[in-house]
Amino acid sequence: MNLSEHISLVEMVKALQKGRISAVQCVRAALNRINEADECVKAWVLVDAEGALAAAERLDTLPAIERAPLHGVPIGVKDIVDVRGLPTRCGSVLYEHYVAASDAAIVRRLRDLGAIVLGKTVTTEFAYFSPGPTGNPHDPTRTPGGSSSGSAAAVAAGMVPLALGTQTAASVTRPASYCGITGYVSARGTFDDTGITGLSPSLDSLGFLTSTVADMDYLRRALESPQEPDPSATRFLLWRPEPSFETEPAMLAALDSAATLLTDSATVEPAETAMPSPVTGVTTSATALAEAHATIMAYEAVRARSKEAAVPESLSPQLRALFDEGRTTTEETYARALELAKRGHDALRSTLRDGGVLLCPAAQSIAPEGLNATGSPSLSRPWQLLGLPVVVVPGCMDPETFMPLGLQLIGLPGHEEELFKAARKLESALAHSAGRQQYQEDAPSN
């Protein structure tokens, strides 16, 4: 059985809007795919078939003029995000019996746009490193990444065209890369995070997973106010990770190949690995930013999740170690990390002026073998520290294993139009090189 199977969000929306399929049919198709593939993939904690079908029946009664941009689209919701009437277990035995009384703000927004919550997807424990049972649809003996493990796997296996994730370190970017799909990490503060169980207030961001960049761009335009497009040429700044990131040769080769492909239609320049702040003149390296991220995450996690930290016997060794590190981190060390984050943000804002985007690997390698870990988050830590919007573009492949390799594009808050313009260009170049036919990008109007 082929476990890797993508669904186009854009094509589904077109079919729903034109009446070629009904919302009930979409939900039933999703449920059939889950019944077919999830015994092996294990992407779902809970599937609310009855609730989803009831919602679909209500939506099918609406006249066409009242149908919203996501009318009838079944979605998965990461199990740290509240859905009214469903458990929010956070991958922890501590929350086994917690049932959400109301929807998280983003779930409410997606419902308003016509989406149908199909159920809750597997997360690592409190969105940290202790994995759940989910396997990668391209090879179920390999991790799908984390912490948005189930959401990425559900999209990559063709169970839903859209799933919600969150990111504190690499919880969307890494699963998107490993599973060969598109991930979007919104700039921190873009969306209301009410109803989401967070880990680090300075680092947590909302994210989404879809099959293609075109699908993600359609979703973004439905959720956010579109900006005026920048008419200038796209400028890619190629960032090759420092040796300390231990990026494997296949990923570096994919990065270099993508840069070569882009030179036919865009400007590609090398990015400095050490960025001098225009304000202080102090140089900030990506390695230092990654270390500052780890410091802030540990310091804030043990305080944000103090109730859970008080019962270490109910926690995984990974989470206990994070809390122990946070307890021993001094306020002075934390303050220095926050100051470094500010300098790094100033430096990158200067680097990315005039519509530039960083082009980087989204992970160190293909998905590692085994399900007892979710891979290293190191290549996303610097950019997550700075709270920047990120798009993971699929389309690269390891020539030996044929597993996916994803590339990430990093932009500036408020410049998402430029970021997605670059993402579409990269996706198109990769598809053209591989001889693949892309989904049509003439998305239905929002």
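In helix H4, Ala105, Ile106, Val107 and Leu110 are buried (buried means under 20% relative accessible area, exposed over 50% and partly exposed in between, with a 1.4 Å probe and protein chains only). Helices (H or I, at least four residues) and strands (E, at least two) are DSSP runs numbered from the N terminus. An α-helix has 3.6 residues a turn, so residues three or four places apart point the same way. The partners of the buried residues of H4 are S2, S3, strand S4 (162-167), strand S6 (205-210) and helix H7 (213-223). After H4 comes Gly114, which has a positive phi near 105°. The structure is a predicted model, in which local features need pLDDT of at least 70 and side-chain atom pairs count only at pLDDT 80 or more, while totals for chains, interfaces and linings use all residues. Residues are numbered from 1 along each chain as its sequence is written, and side-chain values use heavy atoms, with hydrogens and water left out.

The protein chain contains 14 helices and 13 strands. Its radius of gyration is 21 Å, close to the 22 Å given by the globule rule for 446 residues, so the chain is as compact as a globular protein of that length. The radius is taken over C-alpha atoms, and the rule is 2.2 Å times the number of residues to the power 0.38. Along the principal axes, the C-alpha atoms fill a box of roughly 60 × 55 × 40 Å. Of the 446 residues, 59% count as buried. Among contacts (heavy atoms within 4.5 Å) between residues at least 6 apart in sequence, 79% join residues at least 24 apart.

Helix H9 (residues 286-304) packs on helix H11 (residues 317-328) at an angle of about 100°, and the two axes are 7 Å apart. H9 is therefore roughly perpendicular to H11. Axes are lines fitted to C-alpha atoms, for helices over the stretch in contact, and angles run from 0 to 180 degrees between N-to-C directions. Angles under 35 degrees count as roughly parallel, over 145 as roughly antiparallel, 65 to 115 as roughly perpendicular and the rest as oblique. H9 contributes Ala294, Ala298, Tyr299, Ala301, Val302 and Arg303 to the contact, and H11 contributes Leu322, Phe323, Glu325, Gly326 and Arg327. These residues divide into seven nonpolar, one polar and three charged. In this division Ala, Val, Leu, Ile, Met, Phe, Trp, Tyr, Cys and Pro count as nonpolar, Asp, Glu, Lys and Arg as charged, and the others, Gly among them, as polar.

The loop between strand S3 (116-121) and helix H5 (149-156) holds Thr123, and Thr124 and Ser147 lie in the loop between S3 and H5. Thr123 counts as buried because its relative accessibility is 4%, and Thr124 is buried at 0%. The side chain of Thr123 reaches the backbone oxygen of Ser147 at 3.5 Å, whereas that of Thr124 reaches the backbone oxygen of Tyr128 at 2.5 Å. A polar contact is a pair of N or O atoms within 3.5 Å; within protein, one must be able to donate a hydrogen and the other to accept it, and residues adjacent in sequence count only if both atoms are side-chain atoms. Not counting residues up to four places away in sequence, Thr123 touches Lys78, Asp79, Ile80, Cys90, Gly91 and Ser147. With neighbours within four places likewise left aside, the contacts of Thr124 include Cys90, Gly91, Gly146, Ser147 and Thr374.

Most residues other than glycine have a negative phi, and most peptide bonds are trans. The bond that joins Gly146 and Ser147 is cis, with omega about 10°. Cys90, which is not a glycine, has a positive phi of about 60°. Cys90 is in the loop between strand S2 (74-78) and helix H4 (105-112) and is buried at 0% relative accessibility. Phe402 also has a positive phi, near 65°. Phe402 lies in the loop between strand S12 (390-397) and strand S13 (404-410) and counts as exposed at 56% relative accessibility.

Cys360 is placed in strand S11 (residues 356-361) and is buried, with a relative accessible area of 0%. Cys360 and Leu407 are 47 residues apart along the chain, and their C-alpha atoms are separated by 5.8 Å. Beyond four places in sequence, Cys360 is in contact with Trp239, Leu255, Trp383, Leu407, Gln408 and Ile410.
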